[in-house]
Amino acid sequence: MRQEHFHRLQVVFLPVLILFLQAIARSQPAIAYEPLISSGLSSPVEVASAPGDATGRLFIVEKGGTIKIWNGSEVSATPFLDISAIITSNGERGLLSMAFHPDYASNGYFFIYYTDDEGSVAVARYVVSSNPDIAEPEPDPATPLITIPKSFSNHNGGHLQFRTEGGVNYLYFATGDGGSSNDPDNNAQNPASLLGKMIRMNVDAMPVTTEQWAIGLRNPFRWSFDRSTGDIWIGDVGQGEKEEVNFREGGSSGANYGWRCFEGTVQNTDVDPLCDPPGKVVPVFEYDNPDAGSSVIGGYVYRGDEFATLQG
């Protein structure tokens, strides 16, 4: 009787499941990939737009050390910024990100994240010139806002984003653990190191002040805020077991995401089978690498107006 009952359940359940999946498919809009720029770029790694810019320009960060502008029809021949002479761009290194100050329309400040000619990761502030398509030359490449030395060439992290909190404009950035495998210097779990961390910086205070917003990251190449809720989503590149997506609600801080003790939800026994940070925050999503995909590099929560069914 149990087997017969189970077969009846299958007969009822499968058509319902099929109808449910069909309903989901019908509710989603058709989405297609459409190339926007087909020439004029070399190793682009990020696209940004300036607050208050009514022209619709896109600022495109190239790994080799330049930022170019797409004006809606073509890529500018003259770079907005060129720091190729002061960076290292082999492998995972290079000019990796830019972010405009929330008050860019009035102060002209923007910030860049790069690996310098010594291989350290650095954050520097620049300013636009009287020509809105050209930045002022580098103020002093020897004095960025912050420089973080590294022992290895990989795991540089590499994304900048602003969030205004309590009237203060904070610049957030996430650093990699410093490189090699299994974080040999244990940077990610070491509060004395700025590697393997999410860092918050008050760029309107001089000298700038920094604080560690989260620890235990391996190589968070890309991450983002949900512009509606303030929640943070971090894509943390795995070593060989798991790619992970980490989450934290807006307004929270102090998370430990577990690396080097854990890779996703898998304990890294190559380091220490007893390593288990108290209060660690487990990923909200993970997948096998390389069996189920390539490295996770982040994404954005959809908050546009065109596709209502994709909201959130």
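**Exercise 1. Which strands each supply at least two residues of the lining of the largest cavity?**

Step 1. The model is predicted; local features need pLDDT of at least 70, side-chain atom pairs count only at pLDDT 80 or more, and totals for chains, interfaces and linings use all residues. Residues are numbered from 1 along each chain as its sequence is written, and side-chain values use heavy atoms, with hydrogens and water left out.

Step 2. On a 1 Å grid over the protein atoms alone, a cavity is a set of points where a 1.4 Å probe fits but cannot get out, whereas a pocket is an open set with protein on both sides within 12 Å along at least five of seven lines; lining residues have an atom within 4 Å of a point. Grid points are joined across faces, edges and corners, and a volume is the space filled by probe spheres set on the points. Strands (E, at least two residues) and helices (H or I, at least four residues) are DSSP runs, numbered from the N terminus.

Step 3. The structure holds 1 cavity of 30 Å³ or more, and the volume of the largest cavity is about 30 Å³.

Step 4. Its lining consists of R218, D236, V237, G238, K242, E244, W259, F262 and E263. Strand 15 (242–248) and strand 17 are the elements that each supply at least two of the lining residues.

**Exercise 2. Characterise the nonpolar cores.**

Step 1. A nonpolar core is a set of buried Ala, Val, Leu, Ile, Met, Phe, Trp, Tyr and Cys residues joined through side-chain atoms within 4.5 Å. Buried means under 20% relative accessible area, exposed over 50%, and partly exposed in between (1.4 Å probe, protein chains only). Of the 312 residues in the protein, 44% are buried.

Step 2. The largest core has 23 residues, among which I67, F80, M98, F110 and I112 touch the most other members. At least two of its residues come from each of strand 2 (58–62), strand 3 (66–70), strand 5 (95–100), strand 6 (109–115) and strand 7 (121–127).

Step 3. Another core, of 17 residues, lies apart from the largest one and includes L96, F111, V121 and F162.

Step 4. In soluble globular proteins, nonpolar side chains tend to be buried together.

**Exercise 3. Locate the disulfide and state what it ties together.**

Step 1. A disulfide is a pair of cysteine sulfur atoms within 2.5 Å. The whole structure contains 1 disulfide.

Step 2. The partners are C261 and C275, with sulfur atoms 1.7 Å apart.

Step 3. C261 belongs to the loop between strand 16 (255–256) and strand 17 (262–263), and C275 to the loop between strand 18 (266–267) and strand 19 (285–288), so the pair ties together parts that are 14 residues apart in sequence.

Step 4. C261 and C275 are both buried.

**Exercise 4. Is D231 buried or exposed, and which residues does D231 touch?**

Step 1. D231 lies in the loop between strand 13 and strand 14 (232–236).

Step 2. With 15% relative accessibility, D231 counts as buried.

Step 3. Contact means heavy atoms within 4.5 Å. Not counting residues up to four places away in sequence, D231 touches S224, F225, D226, F247, R248, E249 and G250.
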